[in-house]
Amino acid sequence: MINYNEALEIIKHEIEKLTLHTEDIDILESYNRILAEDVVADVDLPPFDNSAVDGYVIKYSDRKEWKIIGEISAGNFSSFNLTENDAVLITTGSKLPSNADTVIPIEDVEVNSDLLKLKENVFFKKGMNIRTLGNDLKKNEIAVHRYTKNDAKTIAVLASCGKEKVKVFSKLKAAILATGDELIPINEKPAGDKLRVSNIYSLYAAIKEINHTVINLGFTKDDKEIITQKVKAALEMDIDLFITTGGVSVGKYDFLKDIFEEQGVKQKFWKVNIKPGKPIYFGVYEKDEKRILVFGLPGNPVSSLVNFYVFIKPAIEFLFKQDEIKNITATLQNDLKKKDGKRHFSRGILFEEKGEWKVTSEFSQSSGNLVEMSRANCLIEIEEERVNPKKGERLKCILI
Ligand SMILES: Nc1nc2c(c(=O)[nH]1)N[C@H]1C(S)=C(S)[C@@H](COP(=O)(O)OP(=O)(O)OC[C@H]3O[C@@H](n4cnc5c(N)ncnc54)[C@H](O)[C@@H]3O)O[C@H]1N2
Ligand code: MOO
């Protein structure tokens, strides 16, 4: 059985071979999308020297008094040829007259008719309150880099660069299928040994959470023939990822692994030395130009979602170069039980107290307890060699 780090490396190695497509979309639709081009400034930013404050613009000298000869407001420029004797009323953001070099804030002057006087003991220095042309960015320089995930800040820059259409990477397409004789639709009440099919909902939401496209193939019985047909159909689809849940352990009706093999999926690994989520299967299906990454996740609802968070999500983030560290190291607030040599991902609650990150974990850690998982906000990562971490120890927490 391979360890977590090796397994993740294998997935990253395979996901990197996916062909990424791009599309041009409206800037207003580009929030949370990843840029597929370096966006270059088509103008200097700001495009002209301008005033940072409402005040009076002058040509700097030793003088403390000036004559007001006019005004400039933002968007209503008029040219003045200032002498050292002159001042022009100017509003924030207005373009400066060509020979002006200093703006005095309105609070620091007294105005008497057209006479302007500097108040006593105010800060006064040549060049103050001026935002110079290209001071934020020069024309033809890169304003927003490829692989940036767009947010309000970067969209503002794109707008300033006149990008009405933005080239972004197309979303990956994933299809999900759940298997199990015990599964029933969620609009039915479970009776006897039946169970509502929660996994397709959790995985559907998890894929949406990272802003990719998901196709819900529903669920099917543990019937080898039926599952084979479903898998066959999925592998014919135009998708990048195929994710199944259930039927990947060693039980009599755990067919998925065999079915994948029969359908030409090349197994890369099966079972990872982790808890929960140990029986995860990973393979690759290739036909002509097509390449589909196939994940057979365990049926246990916590296991499949943890698998998503610790394998699929980081691999996708790696593919789109979004894998800057988002983990937090926190101080454990209670002893944890962990005797084996697996890597554990235990559900925890991370919080900040007096400037320190702390984490508690008083959940059962059962792979079936979804409600408990829903109350957690992190997975506490306990490495293979670590046993029974004690209160006060520092551990890495993955935000979920
Ligand atoms: N002898 C062994 N038995 C098991 C091992 C093992 O190594 N040796 N591994 C255990 C581990 S760990 C896990 S995890 C499970 C995974 O088993 P499967 O992937 O085959 O999953 P199922 O048996 O089909 O289901 C497990 C569990 O999850 C429930 N389930 C399944 N699908 C859904 C769904 N879509 N929504 C909600 N709940 C679902 C199912 O009812 C079962 O309770 O195997 C252990 N066994
Ligand atoms: O790995 Mo299983 O996911 O421990 O229950």
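**Exercise 1.** Which helices and strands each supply at least two residues of the shell around ligand 1?

*Solution.* The model is predicted, so local features need pLDDT of at least 70 and side-chain atom pairs count only at pLDDT 80 or more, while totals for chains, interfaces and linings use all residues. Residues are numbered from 1 along each chain as its sequence is written, chains are lettered from A and ligands numbered from 1 in the order in which they are written, and side-chain values use heavy atoms, with hydrogens and water left out. The contributors are β13 (173-179), β15 (195-196) and α6 (301-319), where helices (H or I, at least four residues) and strands (E, at least two) are DSSP runs numbered from the N terminus.

**Exercise 2.** Find polar contacts of ligand 1, that is, pairs of N or O atoms within 3.5 Å.

*Solution.* Begin with E182, where a polar side-chain atom lies 2.6 Å from an oxygen atom of ligand 1. Turn next to the backbone: an N or O atom of S198 is 3.1 Å from a nitrogen atom of the ligand, and a polar backbone atom of N300 is 3.1 Å from one of its oxygen atoms. Finally, consider the area (Shrake-Rupley method, 1.4 Å probe): ligand 1 taken alone exposes 870 Å², of which the protein buries 68%.

Note on methods:
A polar contact is a pair of N or O atoms within 3.5 Å; within protein, one must be able to donate a hydrogen and the other to accept it, and residues adjacent in sequence count only if both atoms are side-chain atoms.
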